[in-house]
Amino acid sequence: MDSPIVDFYKNKSILLTGFTGFVGQIITEKLLRCCDPKAIYVLVRNKKGKSWQDRLQETFQDPVRIYNNFFLFDRIRNEKPDFTKRVVGLVGDCGKVNLDFNPDDLKTILDNVNVVIHAAAIVKFDDTLANALRVNVQATKCLLDISRDMRNLQAFVYVSTAYSNCNQKDAIDEKFYTPRVSARNILQMMDFMDENLLNNITPAIIEGFPNTYTFSKHIAEDLVRSYEGQLPIVVFRPAIVMPSFKDPVSGWVNNYYGPVGLMYGIAMGCVHVFRGSCKCTAEMVPVDMVVSCILATAWDMARNSYKSIPVLNYVPSRQNLLTWGRFLKISFSAAENFPVSRAIWYVSFQPTESRFKYDVMHFFYHTIPGHFVDFFLKFSGTRFRLSKVFTMMKKLSFALEHFVFNDWNFDDKNVTELWKKMSPADQKKFFFDMKQLNWTNYTNESLRGMRLYIAKDDPSTIPYALRRQKMFKVVHYVVTYSIKGLVLYLFAIFLLWIYTSVIFPMFN
C-alpha cells in the first residue's frame, strides 16, 4: 500500500536536535527503519570527558545483552545493517552561542536540510532559570535564524510541551498564549543581567508556573510565534512522554523522569506513599506515538500553506482518559505481580491528597526505615544509603504536585484532523490515535519495560522476585507495626506523665 509519509521522507535530509535524548533516539530509529532518508544530521556535544564522536557511536553500539531481550536498535540492525551510515554527526551544543557549529557543518546543513526537528531541551524541573532559558530559548532562536537561510527547507517542527501554558486555569487550546514578558524582552534581559541575579529573582519571573522548564517553553513558544511568515514552522506539544507502546519494542525507556521514576520507586519498594489527586487526569503519551505524530506533522506542514503557525496538543483523547488514581492502581498491581528482583523493600503503596497525612506517612514509611537500614549498611561498608533514595523520591513527589492536582481541558482538534488526513497505510505505520490505547495493557507493558531496560532485570527472575517479596512482607509488617507500637507506647508514657505531673496535682 502507498505511504505518502514514507514517500515524503525518501531522499530527504533531516536536521535533528536532541538526538541522544529519549524522543530523539526514537525519531532516529523510526526514520531509518520505516523511511528512506538521504541523511539525518544530528547535533551531538562533548560531555563528561566523552567526545561527540564517542557519544554518537555509543548510542548505536550493540548493548550489553540481558539474556535475549530486544533493544531499541536491534530490529533495524537486523533489517538494515548499514543504517548508521545515514546518520551524520555534527558537533554542536545548545548551551553555546550559535550552537557551536563549525563553518563547514553550517554550510552543509544550509545547502542540504529539508526538515528540521528541534527536540533538544533542558527538561529538569529544578534547573536554574538562566540555564533553562539559555538552552530552551536562546538555542531555539539560533536554530530559527539558521533555518531562515536553509535553501530547501520544507518543515520546521518545534517540540514544546503540553504544559507550556500550564498557568492557564482550565482550557488550553491549540493556539499561542501571550506571556507577561515577551521572549524578546527576556532575551534582552539575559544579555545584561548577571546569572546569579537572574536566578535569585526566578520566583518573581516565573510566577504562575511550577518550574523553570515549563516557563522557558512558554517563552520559547512566544519566540517561535515571532517567526510567523518567515519559516514553514509548526509547534508540537506532547504531554508527559512515557515508555513506548509497541514500536519498535513495547515498554522501551531510558530515563527515570516523571511518572517513570514513580513506577520504578514503587516496584523497587522505595515509594510507599505519594501525594496527589487520584481524580485528576494523568496526561501521558507513549514515546513511539509521539514520534509518529511528529513525523506526520512535518509531512503535513510541507504539503500545506498555513496562514498562521499551526499548534498541536498531543494529549490523551478526551474519550479515553486515565486518572492518576487508576494509573497508580495499575502500576501497583503490576509491581506486585512482577516485582524487581533487586527490590530493596516490600511493595506497598498508598496515595493521599492530604499534605499532613503525606508528611506523617513519609516520616514513618520512609524516613525512619531509611535511617534504620542505613545504620546497618554503614557498618557493613556499603556505600548505598536508603535514606537518600527516599529523599529523592520525596523531591520527585513535589516536582509532580502541580500536574497531579490540576486538570486542564486540552483542545486537540488539529491532531484529530491530522489523523484523518493520513492514508490507511500511514495510520498503520505511523500510529498515534490515543483513542485506541488500552491503558491497562500499556501501563503493564511500561512497567515490564522499566523492569527490563532500567532495572536490567530479565523476566526469568520474576519467580525469584516473588519469593523475595514474601520474605520482605514479613519483615515489612514486623518493622512497621513495631514502630507503630513504639510510638503508641511513647504517647501513652507522655499522657501518663501529663496526668501524674499536671492534672493529678491540680485536683489534689
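Student: Is K435 buried, partly exposed or exposed?

Tutor: K435 counts as partly exposed, because its relative accessibility is 37%. Keep in mind that this is a predicted model.

Student: Which residue does K435 meet in a salt bridge?

Tutor: The general idea comes before the case. Side chains of opposite charge can pair when their charged atoms come close. Here the side chain of K435 meets that of D433, at 3.4 Å from N to O. D433 is buried, because its relative accessible area is 9%, whereas K435 is partly exposed.

Student: How should I read a salt bridge inside a helix?

Tutor: Look at the spacing along the chain. An α-helix has 3.6 residues a turn, so residues three or four places apart point the same way. R33 and E29 are four residues apart, about one turn of α2. R33 counts as buried because its relative accessibility is 9%, and E29 counts as buried because its value is 1%.

Student: What separates D111 and K107 in helix α5?

Tutor: D111 and K107 are four residues apart in α5 (residues 103-112), so about one helical turn separates them. Their side chains meet in a salt bridge of 2.8 Å, N to O. As for cover, D111 is partly exposed because its relative accessible area is 25%. K107 counts as exposed because its relative accessibility is 53%, and the cut-off for that class is over 50%.

Student: Which residues gather in a patch of positive charge on the surface?

Tutor: For a patch, look for residues of like charge that have no salt bridge. In this model, R45, K47, K48 and K124 make up the positive patch. R45 is found in the loop that runs between β2 (39-44) and α3 (52-60). Its relative accessibility is 35%, so R45 counts as partly exposed.

Student: How many residues of helix α11 are buried?

Tutor: To read the cover of a helix, go through its residues one at a time. For α11 (residues 259-267), nine of its nine residues are buried, and the helix is described as mostly covered. The residues concerned are P259, V260, G261, L262, M263, Y264, G265, I266 and A267. Just after α11, G269 takes a positive phi of about 75°.

Student: How many aromatic pairs does the structure hold?

Tutor: There are 20 aromatic pairs. To read one, take the distance between ring centres and the angle between the planes. Y314 and F432 are 6.1 Å apart, centre to centre, with 75° between the planes, which is an edge-to-face pair. This pair links distant parts of the chain, 118 residues apart: Y314 is in strand β11 (residues 311-314), and F432 is in the loop between α17 (424-429) and α18 (439-454). Both Y314 and F432 are buried.

Student: What is the angle between the planes of W408 and F410?

Tutor: The angle is 50°, and the centres are 6.5 Å apart. That makes the pair tilted, because the edge-to-face class needs planes over 60 degrees apart. Both W408 and F410 are buried.

Student: Which residues do ring pairs link into a cluster?

Tutor: The cluster holds F236, F245, Y314, W419, F431, F432, W439 and Y442.

Student: Where does I240 lie?

Tutor: I240 lies in strand β8, residues 240-242. I240 is buried, because its relative accessible area is 15%.

Technical notes
Residues are numbered from 1 along each chain as its sequence is written. This is a predicted model: local features need pLDDT of at least 70, side-chain atom pairs count only at pLDDT 80 or more; totals for chains, interfaces and linings use all residues. Side-chain values use heavy atoms; hydrogens and water are left out. Patches are made of residues with over 30% relative accessible area and no salt bridge: like charges are joined within 9 Å, nonpolar side chains (Val, Leu, Ile, Met, Phe, Trp, Tyr) within 5 Å. Accessible areas come from the Shrake-Rupley method with a 1.4 Å probe; for residues, only the protein chains shown count as cover. A salt bridge is a side-chain nitrogen of Lys or Arg within 4 Å of a carboxyl oxygen of Asp or Glu. Lys and Arg count as positive and Asp and Glu as negative; His and the chain ends are not counted. The place of a charge is taken as NZ of Lys, CZ of Arg, CG of Asp or CD of Glu. Helices (H or I, at least four residues) and strands (E, at least two) are DSSP runs, numbered from the N terminus. Buried means under 20% relative accessible area, exposed over 50%, partly exposed in between (1.4 Å probe, protein chains only). Rings of Phe, Tyr and Trp (its six-membered ring) pair if their centres lie within 6.5 Å; planes under 30 degrees apart count as stacked, over 60 as edge-to-face and the rest as tilted.
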